[in-house]
Amino acid sequence: MRLALDEAGRAAAGGDVPVGAVVLSPDGTTVLATGHNEREATGDPTAHAEVLAVRRAAAALGEWRLTGCTLVVTLEPCTMCAGAIVQSRVDRVVYGARDEKAGAAGSLWDVVRDRRLNHRPEVVEGVLADDCARLLTDFFRLR
């Protein structure tokens, strides 16, 4: 999560909402890819930290299936990111702060564990939640 927090700091430095993500290999020790929000920097509404990290991890592995991988992200994924997580077959999602307004991994919705879908990753929430939430609170306080 500390690496994801570093990525979130990069997003904030670029004027984006401070969310960072890291994809770990199936052994849990190798970082396959990182990402941070780049919507403002790129003008791309899909440039969320999770989507970018998942795309980069797939490129690093040379295939779209991220079976066995873990996605670590500072903020609970939204519906778009939850869909990308399910589609990429990530096995585990670890996130810090809950997103009561737009979260799709247990708070507002639970897309990633919807029993109607063909893939349901494990979800671990609340890792360094205070640190993750503080980054967001500080960012929006200045806006």
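Is Cys81 buried or exposed, and what is its relative accessible area? Cys81 is buried, with a relative accessible area of 1%, where buried means under 20% relative accessible area (1.4 Å probe, protein chains only). The model is predicted, with pLDDT of at least 70 needed for local features and pLDDT 80 or more for side-chain atom pairs, while totals for chains, interfaces and linings use all residues. Residues are numbered from 1 along each chain as its sequence is written, and side-chain values use heavy atoms, without hydrogens and water.

**View 1. The binding site listed by UniProt.** An unreviewed UniProt entry places the feature "binding site" at His48, Cys78 and Cys81; such annotations may be inferred rather than shown by experiment. These residues are spread over 34 residues of sequence, yet they cluster in space, with a largest C-alpha distance of 9.3 Å.

View 2. Cys78 is found in the loop between β3 (70–75) and α4 (79–88), whereas Cys81 lies in helix α4; helices (H or I, at least four residues) and strands (E, at least two) are DSSP runs, numbered from the N terminus. Cys78 also counts as buried, at 16% relative accessibility. Leaving aside neighbours within four places in sequence, Cys78 is in contact (heavy atoms within 4.5 Å) with His48, Glu50, Ala102 and Ala104, and Cys81 with His48, Glu50 and Val51.

**View 3. Glu50, listed by UniProt as "active site".** This annotation comes from an unreviewed entry. Glu50 is found in helix α3 (residues 49–61) and is buried, with a relative accessible area of 5%. Beyond four places in sequence, Glu50 touches several residues, including Val19, Leu71, Cys78 and Cys81.

Note on methods:
Buried < 20%, exposed > 50% of the residue type's maximum accessible area, 1.4 Å probe, protein only.
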